[in-house]
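Dear colleague,

I am handing over the structure we spoke about, and below it you will find my notes on a few of its local features. Please read them alongside the coordinates.

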Amino acid sequence: MNPPRIAVTGVVRTVDGLERAVLNRGYVLSLARAGALPLILSPLMGAELATHALEGVDGLLLTGGEDLDPALYGEAPVPQLGSVSHPRDEFELALFAAARRRELPVLGICRGCQVINVALGGSLYQDLPTQRPGAVQHDAPGPRDHRSHGILVEPGSRLAEALGATAFRTNSFHHQAIRRLAPGLRATAHAEDGLIEGIEGPENQPWLAAVQWHPEEFCDAGDCPDQRLFPAFVEACLSAPSSVRG
Ligand code: MN
């Protein structure tokens with residue numbers, strides 16, 4: 001059987017003096033190990049090609065990266081806002097809209113979680129340390145797989161089913177997060193300080209879930225709640241009515 005084809009949004013970085021489309025290895029390995037074929041999409045192709053980019057694809061993974069332009073949710077930037085990429089904002093919003101039209105399963109990670117919330121009408125904390133100070137450090141230093149804070153998942157939710165756990169510790173390196181949850185989304189995972197760390201769409205709609213942490217960074221760890229998100233997503237892509245696999 002051919003593996004399901006999953007579009008994954010790459011980032012644009014200058015490496016050795018050249019602008020390149022790149023993607024962290026964790027996304028590629030996590031999807032490949034879950035039995036999927038990752039297809040890297042570069043924002044350099046532009047938003048107009050986003051619709052066509054999903055033809056023949058079984059699912060969409062929106063990845064981590066830059067801050068979103070707060071103008072997208074009607075705010076002026078605070079001084080602590082990080083770097084933004086308008087081409088990537090436009091590309092990923094167009095991709096998400098196309099995925100919704102095609103009823104494709106969508107998984108969001110970190111920035112991807114924020115993109116989904118903003119696309120559906122929600123807002124973000126532009127900078128957690130100044131706008132929502134607390135005891136939990138969400139932009140934790142150290143290795144990318146350092147489990148720095150706890151996560152509580154709502155029992156019975158799509159995320160709980162996917163992760164196979166409702167309480168565990170995970171990694172955290174984000175300075176933005178969901179502030180006002182978009183209509184139609186449920187917040188089903190929270191950090192120990194109450195911050196939204198996981199969202200999902202209604203059960204009667206195509207599979208849609210997103211997390212604020214980085215499950216892909218545990219691609220070398222073997223079985224763990226974080227990594228189980230990928231086979232759950234791949235299974236949703238295989239069984240979706242929209243699947244081009246028939
Ligand atoms: Mn966090």
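C110 counts as buried at 7% relative accessibility, where buried means under 20% relative accessible area, exposed over 50% and partly exposed in between, for a 1.4 Å probe and protein chains only. This residue is found in the loop between strand 6 and helix 4, and its phi is near 55°, a positive value in a residue other than glycine. Helices (H or I, at least four residues) and strands (E, at least two) are DSSP runs, numbered from the N terminus.

The model is a predicted one, in which local features need pLDDT of at least 70 and side-chain atom pairs count only at pLDDT 80 or more, while totals for chains, interfaces and linings use all residues. Residues are numbered from 1 along each chain as its sequence is written, and side-chain values use heavy atoms, with hydrogens and water left out.

E103 also has a positive phi, of about 60°, although it is not a glycine; E103 lies in the loop between helix 3 and strand 6 (106-109) and is partly exposed, with a relative accessible area of 47%.

Helix 3 itself (residues 86-101) has 16 residues and spans 23 Å from its first C-alpha to its last, close to the 22 Å expected at 1.5 Å a residue, the expected span being 1.5 Å times one less than the number of residues. At its N-terminal end, helix 3 is capped by S85, of which a side-chain oxygen lies 3.2 Å from the backbone nitrogen of R88. The buried residues of helix 3 include F91, L95, A98 and A99.

The axes of helix 3 and helix 4 (residues 111-119) come within 10 Å and cross at roughly 70°, which makes the two helices roughly perpendicular, a label given to angles of 65 to 115 degrees. Contact, meaning heavy atoms within 4.5 Å, is made by R88, D89, E92, L93 and F96 of helix 3 and by R111, V115, I116 and A119 of helix 4.

Finally, Q126 is found in the loop between strand 7 (124-125) and helix 5 (128-131), and it is buried, with a relative accessible area of 0%. The side chain of Q126 reaches the backbone oxygen of A76 at 2.9 Å. Leaving aside neighbours within four places in sequence, the residues in contact with Q126 include D67, P70, Y73, H175 and Q176.

Notes
A polar contact is a pair of N or O atoms within 3.5 Å; within protein, one must be able to donate a hydrogen and the other to accept it, and residues adjacent in sequence count only if both atoms are side-chain atoms. Axes are lines fitted to C-alpha atoms, for helices over the stretch in contact, and angles run from 0 to 180 degrees between N-to-C directions. Angles under 35 degrees count as roughly parallel, over 145 as roughly antiparallel, 65 to 115 as roughly perpendicular and the rest as oblique.
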